[in-house]
Amino acid sequence: MTYYTVKGLVKRGLPILILTCFIAVLVGQILSAEEQILVKYPAILIMVPVLMKIGGDTGGMLGARLSSALHLGFSVSLRKSPVVRNSFIAAAIVGLISTIFACVIVWFIDIYSGRYIPFYTLFVVGIFVYTLNLFIVYLTTVVLSLASHKYGLDPDDTVIPLVASLGDLSGVVGIFIAIVVLSL
Amino acid sequence: MANYSIEDEDDFDFEYEGYLEEYASIQSIVREALPFELIAVVGGIISGILLSGMTEEIEMIPGLLVLVPGIMGLRGNISSSLGSRLTSAIHMGLIDGVDWKNKELQNNIVGSMVLTVIISFLLGVLSHSVSVVLGLQSAGLLKLTFISVTAGFISGILLAILSAYLAVGTFRLGLDPDNIVTPAIATVGDILSMMTIFFVARLVLYI
């Protein structure tokens, strides 16, 4: 008998993957609703994958750190614990720097491609996504990590995939809000 | 950071808090995580450039854009966890080389491919049906499901092979695979899944 079995892997992975698949279709439909704007402004289209990623990556890092802290038996209370607070702030800093870095690179690529999109347009798009990451992705990560620990689930199996999906969602919703606010 | 006085050393709570501050200092987390994230950003931008080169396909295959987050998500969820399981298997001594006859390695790869096919099939069906229910255009059930399953399968199998080599290779070089395999698979996965979507979309347009 092997340690890993095909049946075991499929059974364990399937429920959460089905849930993330539903979220992905929702994300896809929102993205598809932005199609005309995205085709008109290729710089924003270039930003789509990276803006979807940053929230999930930094939120995933936050979740992994919290789950390690919980495994180590640190008391992790939402308000008092330095583990939660510092990990949260660190995720927010890494997210912000990465978002601005992405905006700058894509802006240069756009100029290099002979188009011209004002930097503030990309910046506004990035900042809306980032703000949603702060309020939706990171806060949900903290709550989900604590909850999944409380109910004895391994956060690696539940929190990380869900957080990645939420990051995708806040990415496309943030872009949508920015498009409306900038009236593109 | 706090300066400990001799009296303070008796104070367990104080030390414990001090340890936590050290373990989880904002600076140390940022310093560790930022370089990986910046590399991931570059990977994400490369896949964005590929996506922006697909505008023709996006316009000609309605529903293609709906599939994109789902196919990229497959790689993030299935391939990254395959990578991290393979590194665990190496740590446990279950896998010690890239030997395709090794049952543990086989089962891990087959398991991840079974999940890929099930979920990408569901993704195609859902994308089409939601579009129809919302009264939006769709290239059709057959085309969307074909794109989703084929792109998912090709990128999945390539990443599975890459994870096996990366996990074993980094381990042999004396590096900790945990720090390298998962971020590498996530970054390569984004680029590779976008390339396969592009390739399969072109294929569908030719048929």
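Analyst: A crossing is right-handed if the near helix is turned clockwise from the far one by less than a right angle, and left-handed if it is turned anticlockwise. By that rule helix 5 of chain B passes helix 6 of chain B in a right-handed crossing, and helix 4 of chain B passes helix 5 of chain B in a right-handed crossing too. This is a predicted model, in which local features need pLDDT of at least 70 and side-chain atom pairs count only at pLDDT 80 or more, while totals for chains, interfaces and linings use all residues. Residues are numbered from 1 along each chain as its sequence is written, and chains are lettered from A and ligands numbered from 1 in the order in which they are written.

User: What makes helix 5 of chain B roughly antiparallel to helix 6 of chain B?

Analyst: Helix 5 (residues 103-133) and helix 6 (residues 141-172) of chain B, both DSSP runs of H or I with at least four residues, pack at an angle of about 155 degrees, with their axes 8 Å apart. Because angles over 145 degrees count as roughly antiparallel, helix 5 of chain B is roughly antiparallel to helix 6 of chain B. Their contact has 14 nonpolar, 10 polar and no charged residues, where Asp, Glu, Lys and Arg count as charged.

User: Why are helix 4 and helix 5 of chain B called roughly antiparallel?

Analyst: Helix 4 (residues 64-91) of chain B packs against helix 5 of chain B at about 165 degrees, with the axes 10 Å apart, and the two helices are therefore roughly antiparallel to each other. Among the residues making the contact are B:Leu67, B:Ile71 and B:Leu74 of helix 4 and B:Leu115, B:Ile119 and B:Leu123 of helix 5. The contact divides into 11 nonpolar, 8 polar and 2 charged residues.

User: How many residues of chain A are in contact with chain B, and which helix of chain A supplies the largest share?

Analyst: With contact taken as C-beta atoms, placed from the backbone, within 7 Å, 54 residues of chain A are in contact with 50 residues of chain B. The largest share of the chain A side, 16 residues, comes from helix 1 of chain A, and that side divides into 38 nonpolar, 12 polar and 4 charged residues.

User: Which residues touch the most other members of the largest nonpolar core?

Analyst: Of the 106 residues in that core, A:Met47, A:Val48, A:Val106 and A:Ile175 touch the most other members, and the largest share, 14 residues, comes from helix 3 (residues 42-71) of chain A. Not counting residues up to four places away in sequence, A:Val48 touches A:Leu31, A:Leu38, A:Ile175, B:Gly48 and B:Leu51.

Key: Axes are lines fitted to C-alpha atoms, for helices over the stretch in contact, and angles run from 0 to 180 degrees between N-to-C directions. Angles under 35 degrees count as roughly parallel, over 145 as roughly antiparallel, 65 to 115 as roughly perpendicular and the rest as oblique. A nonpolar core is a set of buried Ala, Val, Leu, Ile, Met, Phe, Trp, Tyr and Cys residues joined through C-beta atoms within 7 Å. A residue is buried if 20 or more other C-beta atoms lie within 10 Å of its own, exposed if 12 or fewer, and partly exposed in between; C-beta atoms are placed from the backbone. Two residues are in contact if their C-beta atoms, placed from the backbone, lie within 7 Å.
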